[in-house]
Amino acid sequence: MVGVERVLGAFGEHLVLTYASLFLSIAVGIPLAILSLKSKRLASFIMGFANLVQAIPSFAVVAIVVPLLGIGFTPAVFAIFLRALLPIVKNTYVGLSEVDEAMIDAARGIGLTEWEIIRYVRFPHAYPAMFAGIKFAAVLANSIAILTAIIGSGGLGSLVFEGLASFNTDKILAGSIPAILMAVFIDISFSYLEKRVTPEGIGGG
Amino acid sequence: MDIRWVWESQNLAQRTLEHLRMFGIALALSVVIGVLLGLYLYRRPKLAPIAFNVLNILETVPTLALLVLLLPLLGLGEKPTIAASVIYSILPIARNTYTGLTSVERSYIEVAKAIGLSEREVLLKVRFPLALPLIAAGVRIAVVFTMGVVTLGGLIAAGGLGAPIQTGIHLYDRDIIIVTGLWVGALALILDGVAALIERYLRDRYGRR
């Protein structure tokens, strides 16, 4: 058997790891998407880069971080951040840039500044796409946070790896079941959040 | 950095073959199951929302958690790795097949019926070819998923290129990590590129608009 405290501790570490990386990706990703609106060249560079890196296996990304930053919590956060950043930037940019031109013109016509247009016109329209990206990134972060235990991040993954090494099914279950529940929770909570935040009449159907 | 030493000491040529073999088997299975499921759901559209909801939930399960949960059922090695790859890859292929088949423009169907094609012929000669570009897009997503899962297979003794990455991390050997990591990355990009080319070809050949 695995002690309850051990599982709760690992779960706590897992949550910190997942959400720290996710918030970092959101904090960097959304400004990057806004910057991409200003410059076509930056946009095509970022989108091309995002598509490219998304094809690379997570395990390879986690491994490559080791020679650069070593092992432990911070390199793990960085690896997850790298993977989670791309869907956020990509979806936010697509959402922001696909707003009807006529609506932008109308906003300009009533005297909104560039920033106000982004804040009050483009963003509300981008919410559905943006939240889809964030939800995808959160699920991805939750998945990679298990894997990063191999580079010493701690968390539920360390239970999984210990169980794997000693063929201890209890440990494997104690590590993987909470992570799966977490994934389902993320899926449900972000879908709910998306519905709450998106103004009526935009997206969704 | 000694690429040659890593290549030989880690048996990367053989590891690459193992990797591609698992990848090939998993992708072929996913395409067959995914397309058949898409066709089946096209026949029974009432089941579609339930099937896609279940697959969507499976999709969120962390890869490593799914791999280790399959161990008691399938043992260590290639089998659980291939099974997990298929579980993740069915959704994009089945969903795109279903969407492709159901979203064919009415006018095409009406013309096909007018010239006397049966339901079956409409499906095989009109709907299916027009769905090919979307199906290919789904397969391309599956290529990326499968590559990721097969690489993780190294952690549960499936061999492939994940194995030397694990060795590199455990020995803290930067040469092994960098060479193998970049090689897997390059391989993934090449396969994704090939899939993209096929998708583009099909879109030019059968694309709408």
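A residue is buried if 20 or more other C-beta atoms, placed from the backbone, lie within 10 Å of its own, exposed if 12 or fewer, and partly exposed in between.

The model is predicted: local features need pLDDT of at least 70, side-chain atom pairs count only at pLDDT 80 or more, and totals for chains, interfaces and linings use all residues. Residues are numbered from 1 along each chain as its sequence is written, and chains are lettered from A in the order in which they are written.

1. Helix H4 of chain A. Helices here are DSSP runs (H or I, at least four residues), numbered from the N terminus. H4(A) is mostly covered, with 19 of its 25 residues buried. Residues 73-97 form this helix, and it reaches 36 Å from first C-alpha to last. That is close to the expected 36 Å (1.5 Å times one less than the number of residues).

2. A bend in H4(A). The helix bends by about 30° at A:Ala84 (the angle between axes fitted to the seven residues ending there and the seven starting there). A:Pro87 follows within four residues.

3. The A–B interface. In chain A, 30 residues are in contact with 28 residues of chain B (C-beta atoms, placed from the backbone, within 7 Å). H8(A) gives the most to the side of chain A that touches chain B, with 8 residues.

4. Positive phi in two loops. A:Phe167 is not a glycine, yet its phi is about 55°. It lies between H7 and H8 of chain A. A:Phe167 counts as exposed because it has 10 C-beta neighbours inside 10 Å. In chain B, Tyr172 has a phi near 55°. B:Tyr172 sits in the loop between H8 (162-171) and H9 (174-206).

Conventions:
Contact = placed C-beta atoms within 7 Å.
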